[in-house]
Amino acid sequence: MSADWLEQIKWDEKGLIPAIAQDFRTGRILMVAWMNEEALQLTVSEQRAIYWSRSRNRLWRKGEESGHVQKLHELRLDCDGDVILLSVEQLGDIACHTGRESCFYRVLRNGTEWETIDAVRKDPNQIYTSKGSHDE
């Protein structure tokens, strides 16, 4: 398999690229994470979202702890070659480690305060078994 497609990506100085996960049915943005070249190659080969965890400094298969896997439907590269868009099926309908559908659950109201608009679907303490352990 040719790796020419990887050469068109503009990695940052740490060898990473931001990756936006979007629900393939609704178009809702679920989360933003980071990928390195290995994570991107594995995402393509395994057909599931695999990211680079900056806090853990290792590969992170979305759902490895929570069970909330992201099944890949399509992968896109933006016009500048510096952002990846993953169209995914979010298994379990929870993408955020807070137990919500999306990490983007707060909206700015009146230009002065963040309002939480999405309810918690499942208590994170019931999702993650080991204390302090959660998907990013």
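Select arginine 56. At 25% relative accessibility, arginine 56 counts as partly exposed. (Buried means under 20% relative accessible area, exposed over 50%, and partly exposed in between, with a 1.4 Å probe and protein chains only.) The model is predicted: local features need pLDDT of at least 70, side-chain atom pairs count only at pLDDT 80 or more, and totals for chains, interfaces and linings use all residues. Residues are numbered from 1 along each chain as its sequence is written, and side-chain values use heavy atoms, with hydrogens and water left out.

**Salt bridges**

(A salt bridge is a side-chain nitrogen of Lys or Arg within 4 Å of a carboxyl oxygen of Asp or Glu.) Glutamate 65 is partly exposed, at 27% relative accessibility.

Arginine 58 is partly exposed, with a relative accessible area of 32%.

Next, select Arg28, Glu101, Asp118 and Arg121. Salt bridges that share partners join these four residues into one network.

How many salt bridges does the structure hold? The count is 11.

Go to glutamate 89 and arginine 25. These two form a salt bridge, and their closest N and O atoms are 3.5 Å apart. Glutamate 89 lies in strand E6 and arginine 25 in the loop between strand E1 (17-23) and strand E2 (29-35), so the pair ties together parts that are 64 residues apart in sequence. (Helices, H or I with at least four residues, and strands, E with at least two, are DSSP runs numbered from the N terminus.) Is glutamate 89 buried or exposed? Glutamate 89 is buried, with a relative accessible area of 18%. Arginine 25 counts as exposed, at 58%.

**Rings**

Select tyrosine 51 and tryptophan 60. The structure holds one aromatic pair. The ring centres of tyrosine 51 and tryptophan 60 are 5.2 Å apart and their planes are at 40°, so the pair is tilted. (Rings of Phe, Tyr and Trp, the last by its six-membered ring, pair if their centres lie within 6.5 Å; planes under 30 degrees apart count as stacked, over 60 as edge-to-face and the rest as tilted.) Tyrosine 51 is buried, at 0% relative accessibility. Tryptophan 60 is buried too, with a relative accessible area of 1%.

Move to tyrosine 105 and arginine 100. The charged end of arginine 100 sits over the tyrosine 105 ring, 3.9 Å from its centre. (A charge sits over a ring if NZ of Lys or CZ of Arg is within 6 Å of the ring centre and within 35 degrees of the ring normal.)

**Cysteines**

Select cysteine 96 and cysteine 103. A disulfide is a pair of cysteine sulfur atoms within 2.5 Å. By this rule the count comes to zero disulfides. Cysteine 96 is in no disulfide, and the nearest cysteine sulfur, in cysteine 103, is 3.7 Å away. Cysteine 96 is buried, with a relative accessible area of 3%. Cysteine 103 is partly exposed, at 27%.

**Surface patch**

End at phenylalanine 104. This residue is in the loop between strand E6 (84-90) and strand E7 (106-109). Phenylalanine 104 is partly exposed, with a relative accessible area of 45%. With Phe104 they form a nonpolar patch on the surface, about 250 Å² of accessible area together. (Patches are made of residues with over 30% relative accessible area and no salt bridge: like charges are joined within 9 Å, nonpolar side chains (Val, Leu, Ile, Met, Phe, Trp, Tyr) within 5 Å. Accessible areas come from the Shrake-Rupley method with a 1.4 Å probe; for residues, only the protein chains shown count as cover.)
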